[in-house]
Amino acid sequence: GIRRDAETFLLDHGGLLKILSTRAKNCRLVYASSKIVYGLGGDSDNENEALSPDEVAQYFNDDLIGTINCPDWQQTSSLDISKLNNQRTIYACTKLANEQAIKKACRNYKIIRIWDIR
């Protein structure tokens with residue numbers, strides 16, 4: 001069935017906006033985003049590039065502010081979702097909309113764009 005549609009976008013983004021409107025200014029907010037914002041969908045062809053859950057968790061345990069890739073050696077930075085299918089486009093748009101809302105509402109935020117987890 002359909003996993004992503006306009007309704008799931010509104011639920012996801014609306015929920016985040018509610019949180020941001022009540023608590024974000026004075027809190028540390030760490031947001032798990034995705035490589036999908038670069039137009040990269042699906043699993044990596046190289047299983048060695050995938051991180052374990054424990055390796056990913058380490059990215060949540062520091063005081064860095066801003067947007068980073070996980071793993072940090074992934075230097076992709078160009079956003080291009082034009083080649084994604086409809087559901088992945090909605091997912092990417094959800095992530096990008098949430099990222100922008102966080103940047104606008106929070107001073108102390110970290111956005112982690114996660115690649116593959118094994």
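The lining of the largest pocket is made up of 6 nonpolar, 4 polar and 6 charged residues, where Ala, Val, Leu, Ile, Met, Phe, Trp, Tyr, Cys and Pro count as nonpolar, Asp, Glu, Lys and Arg as charged, and the others, Gly among them, as polar. This is a predicted model, in which local features need pLDDT of at least 70 and side-chain atom pairs count only at pLDDT 80 or more, while totals for chains, interfaces and linings use all residues. Residues are numbered from 1 along each chain as its sequence is written, and side-chain values use heavy atoms, with hydrogens and water left out.

A pocket here is an open set of points, on a 1 Å grid over the protein atoms alone, where a 1.4 Å probe fits and where protein lies on both sides within 12 Å along at least five of seven lines; lining residues have an atom within 4 Å of a point. The largest pocket has a volume of about 350 Å³, a volume being the space filled by probe spheres set on the points, which are joined across faces, edges and corners. Of the 16 residues that line the largest pocket, S34, I36, G42, R88 and Y91 lie nearest its centre. Helix α3 (residues 86-105) gives the largest share of this lining, with 3 residues; helices (H or I, at least four residues) and strands (E, at least two) are DSSP runs, numbered from the N terminus.

Helix α3 has 20 residues and reaches 28 Å from its first C-alpha to its last, close to the 28 Å expected at 1.5 Å a residue, the expected span being 1.5 Å times one less than the number of residues. Its buried residues are I90, A92, T94, K95, N98, E99, A101, I102 and A105, where buried means under 20% relative accessible area, exposed over 50%, and partly exposed in between (1.4 Å probe, protein chains only). These buried residues of α3 pack against α1 (6-23), β1 and β3.

In strand β1 (residues 29-34) one finds S33, which counts as buried because its relative accessibility is 5%. Leaving aside residues up to four places away in sequence, S33 touches K95, E99, I111, I112, R113 and I114, a contact meaning heavy atoms within 4.5 Å.

Two of the residues touched by S33, R113 and E99, also form a salt bridge with each other, that is, a side-chain nitrogen of Lys or Arg within 4 Å of a carboxyl oxygen of Asp or Glu. A search of the whole structure finds 6 salt bridges, and the table lists three pairs.

| Pair | N to O distance |
|---|---|
| K35 and D116 | 3.0 Å |
| R118 and E55 | 3.5 Å |
| R113 and E99 | 2.5 Å |

The side chains of K35 and D116 meet in a salt bridge. K35 lies in the loop between β1 and α2 (53-57) and D116 in the segment after β3 (109-114), so the pair ties together parts that are 81 residues apart in sequence. K35 is buried, with a relative accessible area of 8%, and D116 is buried too, at 10%.

The side chains of R118 and E55 also meet in a salt bridge. This pair links distant parts of the chain, with R118 in the segment after β3 and E55 in helix α2, 63 residues apart. R118 counts as exposed, at 53% relative accessibility, whereas E55 counts as partly exposed, at 36%.

R113 forms its salt bridge with E99. Since R113 lies in strand β3 and E99 in helix α3, the pair ties together parts that are 14 residues apart in sequence. R113 is buried at 8%, and E99 is buried at 1%. Finally, R28, D62 and K110 are linked in a network of salt bridges.
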